[in-house]
Amino acid sequence: MSDRWCGHCKALAPEYEKAAAELKTLDPPLHLAKFDAADEKNKAIASKYGIRGFPTLKIFKKGQEPIEYEGPRDAAGIVKYVTKQAGPASVLVSSAEDMAAKVKSDDVVVVGAFKDGSDELTVFGKVADALRNDLSFFHTHDASLLPEGKKEMPSVNIFKTFDDGLVSFEGDAKDEEAIKKFIQEKSTPILIPMDSNPAGKKHLQKSFSMTDRVKVLVFAPKKEIESVKTTLHGIASKNREYDFIVGPTEENDHALKFFGLAADSLSMSVYNLKGGPKYVKQPLASSEMESWFDSYLKGEVAAHVKSEDVPKDNSAPVKIVTANTFKELVTEAKKDVLVEFYAP
């Protein structure tokens, strides 16, 4: 849904058309459509579906409420995302040969074993549908086809090429939220790299697509990064509900500017993609990371606020207020305060 005058819409248009042409050739074909939400005649429909900005992409499935498109904006990415949405969330596997191929088809694969028509299979299907954009899901009605893991029904197994390799769910196979949380935690590397190596890009993109998981970002100069990773691995292993992302300062200028960090020393930041305060510690010694993060978990760390330095001499009649002194000098002052907000 677009506006003909929107610059982002114009940039998307050729990629959208390329994707549409490729999707149309599939069997059965998949269709992309466009809708001018700025046209006065279409305002009612735009309002019905809550269109606020442009371009907005939504996926309509028969008999279901439309869902937001949250994938890439290039032709290849659109094709891959839409194709995964169109097929079944979990694919049935009926032979040992096919199973052997499926568990090696990606660096993370989720495989369930369930009786046909069981409640556990229904729950697994719901979880697969919720996470289908990030992971590949398969299921079987014959647990003996599993190459390893819990060869029993019901079971949920994650096959991966990193960390502990294979993990199996130990809880109630009817607990949808518990299974979803287990898959989100265990399908993500304990330490997610944020560097120039393309091998880690997929995991980084997946992490930032999961907005309900809080991110812990650690940056250090290259000469320190390996020793920092060793220490951080132990912290991350005990706090799997968080995504721990680590990278060299030399390759993360944009992130450093976003958090207001210096490039010459170790830093640790906690950031919720859904909004709210950021928590930042710099400078920081590697040996202090665990105690600082524990303090954050206990609610003992103050939120980070970008601020100018407090003037060394602030004795003039007109006081200089910074972000760090605004509360002290303005909102909690014992007298009324007239503040001039200005642009230099």
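Me: By class, how many nonpolar, polar and charged residues does the lining of the largest pocket have?

Reply: The lining of the largest pocket has 15 charged, 12 polar and 8 nonpolar residues. Here Ala, Val, Leu, Ile, Met, Phe, Trp, Tyr, Cys and Pro count as nonpolar, Asp, Glu, Lys and Arg as charged, and the others, Gly among them, as polar. The model is predicted: local features need pLDDT of at least 70 and side-chain atom pairs pLDDT 80 or more, while totals for chains, interfaces and linings use all residues. Residues are numbered from 1 along each chain as its sequence is written, and side-chain values use heavy atoms, without hydrogens and water.

Me: Which residues lie nearest the centre of the largest pocket?

Reply: Tyr81, Arg132, Asn133, Asp134 and Ser209 do, out of 35 lining residues. The volume of this pocket is about 900 Å³. A pocket is an open set of points on a 1 Å grid over the protein atoms alone, where a 1.4 Å probe fits, with protein on both sides within 12 Å along at least five of seven lines; lining residues have an atom within 4 Å of a point. Points are joined across faces, edges and corners, and the volume is the space filled by probe spheres set on them.

Me: Which elements each supply at least two residues of that lining?

Reply: β2 (67-68), α3 (75-86), α5 (119-131), α6 (176-186) and α7 (201-209). Helices (H or I, at least four residues) and strands (E, at least two) are DSSP runs, numbered from the N terminus.

Me: And the second largest pocket, what volume does it have?

Reply: About 620 Å³. Among its 17 lining residues, Lys319, Ile320, Val321, Val339 and Glu340 are the closest to the centre. By class, that lining divides into 13 nonpolar, 1 polar and 3 charged residues.

Me: Turning to the sheets, in what order do the strands from β3 to β7 run?

Reply: The order is β3-β5-β4-β6-β7, an open sheet of 5 strands with mixed pairing. Two strands pair if DSSP finds at least two bridges between them. β3 (91-92) and β7 (166-168) are the edge strands, each pairing on one side only. Strands β4 (108-113) and β5 (136-140) pair in the parallel sense over 5 bridges, and Ala113 has Thr140 in β5 as its bridge partner.

Me: What about the other sheet, which strands lie at its edges?

Reply: β8 (192-193) and β12 (279-281). This open sheet also has 5 strands and mixed pairing, in the order β8-β10-β9-β11-β12. Strands β9 (215-220) and β10 (243-248) pair in the parallel sense over 6 bridges, with Lys215 opposite Asp243 in β10.

Me: At what angle do the axes of α8 and α10 cross?

Reply: Roughly 35 degrees, and the axes of α8 (225-237) and α10 come within 10 Å. Axes are lines fitted to C-alpha atoms, for helices over the stretch in contact, and angles run from 0 to 180 degrees between N-to-C directions. Val228, Thr231, Leu232 and Ile235 in α8 meet Met289, Glu290 and Phe293 in α10, where contact means heavy atoms within 4.5 Å.

Me: One last topic: where are the cis peptide bonds?

Reply: One joins Asp27 and Pro28, with omega about 0 degrees; Pro28 lies in the loop between α1 (7-23) and α2 (43-48). Another joins Met153 and Pro154, also with omega about 0 degrees, and Pro154 is in the loop between β5 and β6.
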